[in-house]
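Student: Can we go through this one together? I'd like to know what stands behind each term.

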Amino acid sequence: MAQDPIHQFQISKIIPIEVGSLDLSFTNSALFMVATVAVTSLFLIMGTSGRGLVPSRWQSMVEMSYEFVASTLRSSAGNEGMRFFPFVFSLFMFVLIANLLGMFPYFFTVTSHIIVTFALAMLVISTVVVYGFAKHGTKFLGLFVPHGVPGALIPLVTLIEVISFLSRPISLSVRLFANMLAGHITLKVFTGFVVSLLASESLGLFGPVTSILPLIMGVALTGLEFLVAFLQAYVFTVLTCMYLNDALHPSH
Amino acid sequence: MATTQAASETTGEHAAGTEVPSDAHATGGFPPFNSETFASQILWLAITFGLLYWIMNKVALPRIAGILEDRRDRIAGDLAEANRLKQEGDAAVAAYEQALAEARNRAHGIAHDTREKLKAETEARRNEAEEGLSKKLAEAEARIGEIKTEALSHVSEIATDTATALVESLIGKAPTKTELSKAVDGAMK
């Protein structure tokens, strides 16, 4: 069981809560969501407690994350996009901290569950749709009809645009979910080999000697996973910014 | 349910060889696709993400933005102050240079005037001295002429006396004055 690569994604109830037939228990997943919020808030609020004109190291990390998300949003959605800044920043920090917390051994990775990433993606898309219609009315539908397309091609292009729009929440959520899931499984499998090789009696001395190879792989993969944890949070944020840009400026 | 359990068993065996999956797998197969946990996850995601959004929107981001804005204001203020001081400095330098140029001009003028004055004075004094000298020279020349004529006037007398003395010692008898002066005048011509 200790080497089962799927076990780490298991959800276990901590405080069982049942409403009618719905199971709304406080689970390990919920615990790590709370931990993510707590870590994010403490990082940001304690980092800025000095309010230093010349930032401390911690404060400059806080400022860097702020400037990083702000410049990402401004470059894809322009200055008008800054009205979504709290939302985009919350998304980025939530995904990033959840991914990074998942890198601790025995910790649960919130973003390795498709329902969580899908819920976040749907939140993004519904923000785009609601804001787009609220601001532009039916002109928002112009998003699906690009300018400068010959008349005969419009139905086809519009169909493609609609399909691509509908696939956005899926691609957005599956990308993050699959990256986290696959990374954690790979890591578990390779480090599991180390234990298996050390413990196996049939291989004699050969087992402990060769166990160094999956160990090296495990170390390398850990580094890669930290990169992926950051990169996927960034990709999620950049795509969110681009979709929000569509809501702000529906005409291509 | 039986098939999902079988599936998870095979996955477990792939990784660990002889391991048997735990009982927990029996309830839902591959955990991320177990729809029984969806409601709870969505609920807690909504609660936690909502809380995070509220904290970001009301506390953290205004605070960071405030810090950044303070810094920007301070830097802009300091730059403006530096600019003002630089302009003041430039003005001071310009004033100093103007004063310097004026002083130099004045010094130049004073030096020129003094030189001219001294030159004129020297000239005057030299003229005076030269005049005095030429006067003295003229006087001296006049005196020399006087002395010369006087000396010349004495020559005949001396000659006469000398001749008288010579003649007397030669012949023992002094010649008469008229003879003598006739002879001296003749010799002197």
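**The A–B interface, term by term**

Tutor: Let's start with the contact, which takes 54 residues from chain A and 43 residues from chain B, where contact means heavy atoms within 4.5 Å. This is a predicted model, with local features needing pLDDT of at least 70, side-chain atom pairs counting only at pLDDT 80 or more, and totals for chains, interfaces and linings using all residues. Residues are numbered from 1 along each chain as its sequence is written, chains are lettered from A and ligands numbered from 1 in the order in which they are written, and side-chain values use heavy atoms, leaving out hydrogens and water.

Student: What makes up the area buried between chain A and chain B?

Tutor: Buried area is the accessible area (1.4 Å probe) that two parts lose on being put together, summed over both. Here that comes to about 4,400 Å², with carbon and sulfur atoms giving 74%. On the chain A side, A:Leu53, A:Tyr66 and A:Ile115 lose the most area to chain B, together 14% of what that side buries.

Student: Why is the pair B:Arg71 and A:Glu63 called a salt bridge?

Tutor: The term asks for a side-chain nitrogen of Lys or Arg within 4 Å of a carboxyl oxygen of Asp or Glu. The closest N and O atoms of B:Arg71 and A:Glu63 are 2.8 Å apart, so the pair qualifies.

Student: How do you know where confidence is lowest in chain B?

Tutor: From pLDDT, the predictor's confidence in each residue, from 0 to 100. Helix H1 (residues 2–16) of chain B has the lowest mean, 42, while helix H2 (residues 38–171) of chain B has the highest, 92. Chain B averages 83.

Technical notes:
Helix = DSSP H or I, 4+ residues; strand = E, 2+ residues; numbered from the N terminus.
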